[in-house]
Amino acid sequence: MNLSKRDLTIKYTLYCVILAAAALLQNVHGLWFQIGGARCFFVVPAVVLLSLGEDERVAAFMGLFAGFLWDCVSSAHMGFNGILLMLLCYIAATIVNFLLRNTFWVAVVSAIICTFIYCIFYWLFIVLPHGGDGAVLSLFYFYLPSFFYTAAVGFVLGVAFSPLKKKLNKGIIE
């Protein structure tokens with residue numbers, strides 16, 4: 001049984017509002033706290049958790065939208081977040097749709113893995129080539145602590161999004 005057009009509109013509008021709120025929490029200084037210099041990248045686990053269980057194309061567009069929101073406030077690497085989040089969401093949704101079941105733990109582990117991939121790829125393709133004295137150390141002092149912080153928040157987001165997704169997908173039999 002498919003969702004009606006009205007239900008789909010409500011669902012994807014709510015997803016876009018959630019992603020916009022995650023982007024605001026992440027990118028506006030002072031809205032969310034830092035722990036020892038580590039920042040929480042809310043957008044990565046939020047978009048991965050919301051895109052799982054969706055069609056691959058929808059997941060890719062959700063990743064592109066979330067990355068676009070992040071790239072809007074970025075000054076150095078326009079398009080990187082959009083492309084990477086689009087690919088991560090597409091691959092995660094494909095794996096969940098064809099290989100794994102969309103369970104709570106699969107979603108949380110997928111969000112954590114995608115967060116790790118994002119942190120490593122950002123450091124590898126953006127930070128490291130520009131060099132500098134602290135480029136290598138930034139992996140250990142900023143990106144890995146930010147990964148652990150975001151992974152913990154990703155678990156909390158998984159707990160929060162699970163009942164919301166069940167309510168919004170009320171007519172779908174899996």
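1. Tyrosine 90 sits in helix α4, which spans residues 80–98; helices here are DSSP runs of H or I with at least four residues, numbered from the N terminus. The model is a predicted one, in which local features need pLDDT of at least 70 and side-chain atom pairs count only at pLDDT 80 or more, while totals for chains, interfaces and linings use all residues. Residues are numbered from 1 along each chain as its sequence is written, and side-chain values use heavy atoms, with hydrogens and water left out.

2. With a relative accessible area of 41%, tyrosine 90 is partly exposed (buried means under 20%, exposed over 50%, partly exposed in between, with a 1.4 Å probe and protein chains only). Not counting residues up to four places away in sequence, tyrosine 90 touches Glu56 and Ala60, a contact being heavy atoms within 4.5 Å.

3. Isoleucine 91, also placed in helix α4, is partly exposed at 45% relative accessible area. Tyr90 and Ile91 both belong to a nonpolar surface patch of about 830 Å², together with Ile83, Leu87, Ile95, Phe98, Leu99 and Leu100. Such a patch takes residues with over 30% relative accessible area and no salt bridge, and joins nonpolar side chains (Val, Leu, Ile, Met, Phe, Trp, Tyr) within 5 Å; accessible areas come from the Shrake-Rupley method with a 1.4 Å probe.

4. The largest nonpolar core comprises 49 residues, and Val47, Leu85 and Tyr118 have the most contacts inside it. A core is a set of buried Ala, Val, Leu, Ile, Met, Phe, Trp, Tyr and Cys residues joined through side-chain atoms within 4.5 Å. Two or more residues of this core come from each of α1 (5–27), α2 (43–51), α3 (56–71), α4, α5 (104–127) and α6 (135–168). Leaving aside neighbours within four places in sequence, valine 47 contacts Leu19, Met62, Gly63, Ala66, Leu85 and Cys89.

5. The whole structure holds four salt bridges (a side-chain nitrogen of Lys or Arg within 4 Å of a carboxyl oxygen of Asp or Glu). Arg6, Asp7 and Lys170 form a network of them. Aspartate 7 pairs with arginine 6 at 3.9 Å between the closest N and O atoms, and with lysine 170 at 3.9 Å, N to O. Aspartate 7 lies in helix α1 and lysine 170 in the segment after α6, so this pair ties together parts 163 residues apart in sequence. Aspartate 7 is buried at 16%, whereas arginine 6 is exposed at 59% and lysine 170 is exposed at 61%.

6. Glutamate 54 and lysine 11 meet in a salt bridge of 2.8 Å, N to O. Glutamate 54 is in the loop between α2 and α3 and lysine 11 in helix α1, so the pair ties together parts 43 residues apart in sequence. Both glutamate 54 and lysine 11 are buried.

How values were computed. Patch = residues over 30% accessible without salt bridge, like charges linked within 9 Å, V, L, I, M, F, W, Y side chains within 5 Å.
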